[in-house]
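Subject: Structure handover

Hello,

Here is the structure for you to look through. My notes come after it.

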Amino acid sequence: MHTIEADYLVVGAGAMGMAFLDTLVSETDASVVVVDRNDAPGGHWTAAYPFVRLHQPSVFYGVNSLRLGRDSIDQAGWNKGLYELATAGEVCAYYDHVMRQRLVPTERVRYFPMSEYRGAGRFVTLAGAEYTVDVARRIVDATYMRVMVPAMRPPSYRVAPGIDCVPPNDLPGRGAHERYVVVGAGKTGIDTCLWLLGHGVAPDRLTWIMPRDSWLLDRAMMQPGETFADRIKAGFIAQLRAIRDATSPDDLFARLEDAGTLLRIDAAVPPTMYRCATVTQAELGQLRRIGDVVRKGHLLAIENDKMILEGGDVAMDGRALYIDCTADGAEKRPATAIFEPGRITLQSVRGCQQIFSASLIAHVEAAYPDDATRNELCVPLPHPDTDLDWLRIALADYANQLRWFDDPDLTAWLSGSRLDLFGHLVGQLLPPASAKPRVRERILGVAKTVLSATASKLDELVVASLAAQGD
């Protein structure tokens, strides 16, 4: 048994663990041991399907200290005219570089890949060596959010012998099939449909199992830089007005759709899901080409001649290729305290912004003296799942932003955080940091008033939605 001394033990070198580690090492002199079960850093990215891309601009992803990508605008494809979206290979190479070329060389980070954490500071390497970490400050759980991709587990439904059912990872290696059945309507299902259509598969050869329709975000409304500043500002103001004028949750969704904040695939089907997936208008147009969309709830089983769903059976040809896209990539885990004696549990503190959240948590750990203050600044948000979760997440984001605005030091840190997508949107309402302090303070006061009124209205709508559910 080997014993190592360190200030922190970080369990998990996925995207959240890496963002936390980068900020902690950048802002403190702490020593850290990192234990991860994978061969390389990046978590679920190391098992992702090869054609996956980020759903948000690369500039908002990764670690705070190093920009991901080339900060370029796509010149072709369905993301044309918008900032680049890193591929799985680019993300994995980026995290490997951050770990091996930036963090480990500090000599304050010891990295143990291919190691199994056993709890209580103990882990075992692939070679069988057993270690105990004598942790001076905290154990950091970077695995709590349980990000899952289809390749990590078998389908959740029964598949009869002889049926060809594969994760998206296997799709590029398969030959042509007469029919493709995409199971799942989340980000992975969207990516898979677009990949097939992008390779020229006719939409009438696709069947899409869509248990719930989803509200989608327009990726054009979450772009960085001056090029998009006017569009982003107009869109954000339209969102504020939609919330201000809404008379009910349903009315709010109608106004958000009219404003272009939220999108849906079928105008005749009310969405009941929201999982932060983004599309461009070009991608949305492609998805709308798919006519055989099965809306009969979740798939329960695949037989040789039919699919069995919650809402009834659908006859099928046994020669179809089924692509399982049902893994819950953003499980709605219950919120728990982030800062506890001897422990940090990484969670989102900004809706759909797990990476920024981990970086912020590391900064708060380094810059604030006690856990009561830290937990007040870092209120965890469970991932969204239903349509009404849009309201819950938006309310929490506005409330958190107001709380952070009240702390000048934290506001200054946020202004320099490239990972803060929502803060970038809010920042469109504020003058630049170079503006005269009195002018900036006055406009910041106006912004606080607007955001406070917006949060109050969202709270009313959340209460109304809960009352409606009670009926």
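Predicted model: local features only at pLDDT ≥ 70, side-chain atom pairs only at ≥ 80, totals over all residues.

Residues are numbered from 1 along each chain as its sequence is written, and side-chain values use heavy atoms, with hydrogens and water left out.

Helix pair

Helices (H or I, at least four residues) and strands (E, at least two) are DSSP runs, numbered from the N terminus. Helix α7 (residues 354-367) packs with helix α10 (residues 408-415) at an angle of about 140 degrees, and their axes are 12 Å apart. Axes here are lines fitted to C-alpha atoms, for helices over the stretch in contact, and angles run from 0 to 180 degrees between N-to-C directions. α7 and α10 are therefore oblique to each other (under 35 degrees counts as roughly parallel, over 145 as roughly antiparallel, 65 to 115 as roughly perpendicular and the rest as oblique). On the α7 side the contact (heavy atoms within 4.5 Å) is made by Phe356, Ser359, Leu360 and His363, and on the α10 side by Leu410, Trp413 and Leu414.

Sheets

An open sheet of four strands with mixed pairing has the order β7-β15-β16-β17; two strands pair if DSSP finds at least two bridges between them. Its edge strands, β7 (158-159) and β17 (312-315), each pair on one side only. Within this sheet, β15 (residues 299-302) and β16 (residues 306-309) run antiparallel and are joined by three bridges. Leu299 has Leu309 of β16 as its bridge partner.

A second open sheet, of three strands and also with mixed pairing, has the order β12-β11-β13. β12 (262-263) and β13 (273-279) each have a single partner strand, so one side of each is left without a neighbour in the sheet. β11 (residues 214-218) pairs with β12 in the antiparallel sense over two bridges, and Leu216 has Leu263 of β12 as its bridge partner. Helix α3 packs on this sheet, touching β11 and β13, and its direction makes about 35 degrees with that of β13.

Arg205

Arg205 lies in the loop between α3 (187-198) and β10 (206-209). Arg205 counts as partly exposed because its relative accessibility is 27% (buried means under 20% relative accessible area, exposed over 50%, partly exposed in between, with a 1.4 Å probe and protein chains only). Not counting residues up to four places away in sequence, Arg205 touches His177, Glu178, Arg179 and Tyr180.

Regards
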